[in-house]
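The following paragraphs go through a two-part model, starting with the overall build and ending with single residues. Please keep the sequence and the coordinates at hand while reading.

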Amino acid sequence: MLVNRKLILAHFWLAFGGFGLALLLGAWQMFVRSPLYAWISNPEWYYRSLTAHGTVMGYVFPTLVAMGFGYAITESALQQRLVGVRWAWAGFWLIVLGAVMAMVPVALGRASVLYTFYPPLIGNAFYYVGVVLVVVGSWIWVALMSINLRVWRREHPGEPVPLAMFANVAGSYLWAWTAVGAALELLLQIIPVALGWKTTIDAGLARVFFSWTLHAIVYFWLMPTYIAYYTIVPRAIGGRLYSDSMGRIAFILFLIVAMPIGIHHTFADPQVGAGFKFIHSAFTALVALPTLLTVFTICASVEIAGRLRGGRGLFGWIAVLPWKNPIMLAVAFSFVLLGFGGAGGLINMSYQLDTTVHNTQWITGHFHLIFGGAIVIMYFAIAYDLWPHLTGRALPDLRLARAQLWLWFVGMIVTTFPWHWVGILGMPRRMAYYDYADPAISPQAFSVTLSAIGAIILLISGLLFLFILATAHRQTATEAGAYRFSVAVHPPTTVPIALNTFALWVALMIGLTVTNYGYPIAVLASRPDTSVPAVYVGAQ
Amino acid sequence: MSAREIFSSRNPYFAISVGVVAGIFVLTAVGGFIILPYAQPELKFAGIWDVICSAAGLPQRSASSDAVQPVRRLSEVVLTPTTLAHPTQESIGRGATLAQRCAICHGPTGVSRADSPNLAGQYGIVIYKELVDFRSGARTNAVMAPFAVNLTDREIVDLAAYYAFLPRLPAYHPQQQLRKPRVVIYGAPIRGVAPCGSCHGSLDNKAGSPWLEGQSETYLKFQLHAFASGQRTNDISQQMRNIARAMTPQEIDEAAAYYASQPSEIVKATD
């Protein structure tokens, strides 16, 4: 029951349009800092582009996908009209306003501070205010998800919340709480300096605040992907979800342990004590748990589909899977990329191993593999799956969609594998220019060239994706039927209250934030001697 | 089930999840705050409380040694792009009178014939910062220091306003313009040297960095060597010392010759 299709389509189109532009910038960056190009001679252009790429890809694009998908889930899983449509539009327009407000100073070169802000670098205040508006717009969505679930519960007392909605609301709560870190950094620290009310900033405290957001935001990006694993994939390939409870437990675990682990981003920072670094490192290890549960459950669900299609033997069911179905292809690619990316992540979270790769291109390779690879490829799958229901028209040609997914998969591997490799060789990240004639890095020239070629493949795939979505609007109208989610092998009739509500889990999430972040933040905030002069970029 | 029932020890989900989470937290805390610090033989602790405070990141002064004091006075100036942005006419006028005593080295029009810096049209906050540093002793020079020590805050602001107001004039010894050397445009990333041009003009300008076009080659070279040897220390956070130390003597020569050869009129007007 998708009623507000226009609202959902607006979110997806804005998300994917921004994604296309940011992808173009990303490919340009890969090209100009590779040995294929002489060098633009002005690092400022590079950082300007990098700031725009990161801001759109990190804040605007995944937030809009999560919101649009969230509205679609609300209407189709709960079988009720969305409550608060006007507020939803208000949230959407706030994000449009915020994105434009943030991008204008970036385009003018007044805020080339990268999307992770990096105080004491300070850019134009409009950039930060724009980012705040994007976050505020998404908080409206969080509130709407909660309200819609409440409305449904009132009419269906005691019934199990459909898994898609349960996971969707878990993701929205995770986002609401994790965005608080960056919001505190922006409102209490950066914006007062950007407006000229203060000239010094506690850069160490700002980094701790940002780490509060920076890791769990990845799990917020991941939520639509995991929801698609559990609630789209088994249905799309003609199977059944192996376990509904396992899904609930995985999303609950994400809610609890995705949050109190961000200090592993500041392993090299002197302002955080080694004890807290160890605690965060250990909790980061725990976050592998819901992913392992998911990999197990989804593989089991896919096996069910294979067996239902007549597959036999230990591996015979794999061959008979519907490999021509884009969703099947996407989930297989996503798992392969997730496997490699996850293995890299285990290295990053280790206090000792991290010292080898910290601030090298390994890290950039890692998060592109996880986010750009495992996560975004499922965003494509979600769009392909939802599009006929949103537009009332079938996709033009599934061969194009398969080619697009293949290109993305190959492109992502060609881009990120050499990227990891040069990181191990010690190539630093966040640099605009590399002198490949220097004997110290000339052996890396080949890998970087390969990486840039991968970026071109990704760009072609991204443009093809937009082409498919756009041409779908001009196909002849067909009736796609109601949008449905996977059915579990044993559909839940009753669910323990703890697996049907969030209070306990949100309380644990906040409690762990207090134990794992409380002291480092309190001690830095209370000391008078931790501020440094701000460095204003793009001014004078 | 109401909230009270969820948050009750009789609810197994509550008891188990809170127990497991608390258990993991306590275990990791014991590991991170007690066992691991003790596992590092090079760390010496007075007692268990000392160990915990150290692992928590509480800055503490070790009993055996006092905090290291810098050998030299450091600059205490904090600049923003808006510092001294709009000087008054009175301030510029007072600065003109005060500047008469500077003319013997820096020239009556702010252009030097004595390998001292040309000040005409230099950014106001740059002159302000150097004068404050000369006055405090963060920057030392046998000739400049006696002029600076007795200046008041207002006099320093006035002088900065006056020199910023003066038009940029051609250098006294104009040279043929040289090509941009690599270090000015690219820096030397492998050695951590940012391009000169990313702060001092040619590419971009950052608050507090002087423009260098048409300055004396001897002066520029001398200052780079002074930063490299640690003789000059008034750069905030060692920005220039870190760069100058990593520059080769040839790069220093090239950068100084290049900037000296540029006409100062090309500096982008900012006001």
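Helices (H or I, at least four residues) and strands (E, at least two) are DSSP runs, numbered from the N terminus. The model is predicted, and local features need pLDDT of at least 70, side-chain atom pairs count only at pLDDT 80 or more, while totals for chains, interfaces and linings use all residues. Residues are numbered from 1 along each chain as its sequence is written, chains are lettered from A and ligands numbered from 1 in the order in which they are written, and side-chain values use heavy atoms, with hydrogens and water left out.

Chain A contains 17 helices and 4 strands. Its radius of gyration, taken over C-alpha atoms, is 23 Å, close to the 24 Å of the globule rule (2.2 Å times the number of residues to the power 0.38) for 540 residues, so chain A is as compact as a globular protein of that length. Along the principal axes, the C-alpha atoms of chain A fill a box of roughly 65 × 50 × 45 Å. Of the 540 residues in chain A, 62% are buried; buried means under 20% relative accessible area, exposed over 50%, and partly exposed in between (1.4 Å probe, protein chains only). A contact is a pair of heavy atoms within 4.5 Å. Among the contacts in chain A between residues at least 6 apart in sequence, 84% join residues at least 24 apart.

Chain B has 13 helices and 0 strands. The radius of gyration of chain B is 28 Å, whereas a compact globule of 271 residues would have one near 18 Å. The C-alpha trace of chain B spans about 85 × 45 × 40 Å along its principal axes. Buried residues account for 41% of the 271 residues in chain B. For contacts in chain B between residues at least 6 apart in sequence, the share that joins residues at least 24 apart is 65%.

Accessible areas come from the Shrake-Rupley method with a 1.4 Å probe, and for residues only the protein chains shown count as cover. Chain A exposes about 19,400 Å², with 70% of it supplied by carbon and sulfur atoms. The accessible surface of chain B is about 15,000 Å², and 59% of that belongs to carbon and sulfur atoms. In counting charges, Lys and Arg are positive and Asp and Glu negative, while His and the chain ends are not counted. Each charge is placed at NZ of Lys, CZ of Arg, CG of Asp or CD of Glu. Chain A has 28 positive and 16 negative side chains, and the centres of the two sets are 9 Å apart. In chain B, the mean positions of the 24 positive and 21 negative charges lie 2 Å apart.

Next come some backbone details. In chain A, the loop between helix 3 (85–107) and strand 1 (121–122) holds A:Pro120. The peptide bond from A:Pro119 to A:Pro120 is cis, with omega near 15°. A:Tyr118 is found in the loop between helix 3 and strand 1 of chain A, and its phi is near 45°, a positive value in a residue other than glycine. A:Tyr118 is buried, at a relative accessible area of 19%. In chain B, B:Leu84 is not a glycine but has a positive phi of about 55°. B:Leu84 sits in the loop between helix 3 (48–56) and helix 4 (89–98) of chain B and is partly exposed, with 30% relative accessibility.

Helix 4 of chain B has a buried side. Its buried residues are B:Ser91, B:Ile92, B:Gly95 and B:Leu98. These residues cover an arc of only 120° around the axis (taken from the directions from the helix axis to the C-beta atoms), which puts them on the same side of helix 4 of chain B. An α-helix has 3.6 residues a turn, so residues three or four places apart point the same way. The buried residues of helix 4 pack against helix 8 (153–165) of chain B. The face of helix 4 turned away from the buried side carries the exposed residues B:Gln89, B:Glu90 and B:Thr97.

A:His368 lies in helix 14 (residues 361–391) and is partly exposed, with a relative accessible area of 22%. Leaving aside neighbours within four places in sequence, A:His368 is in contact with A:His53, A:Gly373, A:Met412, A:Thr416 and A:Trp419. A:Trp139 belongs to helix 4 (residues 125–155) of chain A and is partly exposed at 28% relative accessible area. Not counting residues up to four places away in sequence, A:Trp139 touches A:Trp175, A:Ala176, A:Ala179, A:Val180 and A:Ala183.
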